[in-house]
Amino acid sequence: MRYLKAVLLALLFVVSMLFFVQNNVPLSTSLQLEFNLVTLHLISVPLPVYLFVLAAFLLGVVFSLGFLLVERIRLGLELKALRRQHAALEDEALALRTLPLNQPENKPQTGV
């Protein structure tokens with residue numbers, strides 16, 4: 001499975017490099033963003049399109065890592081609680097195994 005992931009990652013890298021090399025001219029054109037609100041008028045510095053593509057990719061990576069990190073922490077806390085519960089149940093089972101069988105509460109009930 002590790003080799004399959006490495007091959008897929010290498011393939012993704014090659015495809016993305018081909019995309020950038022073959023689309024060098026369109027991705028190098030400058031793009032200027034504008035934001036108009038009632039009294040606010042913002043204009044960005046002209047930047048090449050590939051910077052916007054790269055920024056969007058990096059933003060997606062950061063959000064994905066954030067979600068994965070939150071999920072990993074949640075699962076770690078759940079695992080810790082389940083291990084604690086498992087240990088308590090094992091202790092209870094061990095305590096029940098060591099009870100003598102001749103106690104009145106352990107004798108079978110006879111129907112009246």
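Predicted model: local features only at pLDDT ≥ 70, side-chain atom pairs only at ≥ 80, totals over all residues.
**Pocket**

I started with the lining of the largest pocket: its residues split into eight nonpolar, one polar and no charged.

Residues are numbered from 1 along each chain as its sequence is written, and side-chain values use heavy atoms, with hydrogens and water left out.

Which residues line the largest pocket? I listed L9, L12, F13, S16, M17, F20, V53, L54 and F57. The elements that give two or more residues to this lining are α1 (2-22) and α3. I see that α1 gives the most, with six residues. Helices here are DSSP runs of H or I with at least four residues, strands are E runs of at least two, and both are numbered from the N terminus.

The volume came out at about 200 Å³. My pocket is an open set of points on a 1 Å grid over the protein atoms alone, with protein on both sides within 12 Å along at least five of seven lines; a cavity would be a set of points where a 1.4 Å probe fits but cannot get out, and lining residues have an atom within 4 Å of a point. I joined grid points across faces, edges and corners, and the volume is the space filled by probe spheres set on the points. Rolling a probe the size of a water molecule over the atoms shows where empty space is left.

**Layout and confidence**

I counted three helices and four strands. From the N terminus on, I read the order as α-α-β-β-β-β-α.

Next I checked pLDDT, the predictor's confidence in each residue, from 0 to 100. The protein averages 88, and 89% of the residues score at least 70. Where is confidence lowest, and where highest? Helix α2 (residues 24-28) is lowest at a mean of 85, and α3 is highest at 94.

Buried residues make up 2% of the 112 residues. My cut-offs are under 20% relative accessible area for buried, over 50% for exposed, and partly exposed in between (1.4 Å probe, protein chains only). I also looked at contacts (heavy atoms within 4.5 Å). Of those with a separation of 6 or more, 8% come from residues 24 or more positions apart.

**Salt bridges**

How many salt bridges does the structure hold? I found two, taking a salt bridge as a side-chain nitrogen of Lys or Arg within 4 Å of a carboxyl oxygen of Asp or Glu.

E71 pairs with R74, with the closest N and O atoms 2.6 Å apart. The two residues are three apart in helix α3 (residues 49-97), so about one helical turn separates them. I have E71 as partly exposed at 35% relative accessibility, and R74 also counts as partly exposed, at 42%.

R74 pairs with E78 too, and there the closest N and O atoms are 3.3 Å apart. R74 and E78 sit four residues apart in α3, so again about one helical turn lies between them. E78 is partly exposed at 39%. Through shared partners, the salt bridges join E71, R74 and E78 into one network.

**Spots along the chain**

I looked up N23 in the loop between α1 and α2. N23 is partly exposed at 26% relative accessibility. N23 and Y50 are 27 residues apart in sequence, and their C-alpha atoms are 9.7 Å apart.

N24 is in helix α2, and I have N24 as partly exposed at 46%. N24 and Y50 are 26 residues apart along the chain, with 8.8 Å between their C-alpha atoms.

Last, I checked I43 in strand β3 (residues 41-43). What does I43 touch, not counting residues up to four places away in sequence? I noted Q32, L33 and E34. The C-alpha atoms of I43 and Q32, 11 residues apart along the chain, are separated by 7.0 Å. I43 counts as partly exposed at 45% relative accessibility.

Notes:
Nonpolar A, V, L, I, M, F, W, Y, C, P; charged D, E, K, R; others polar.
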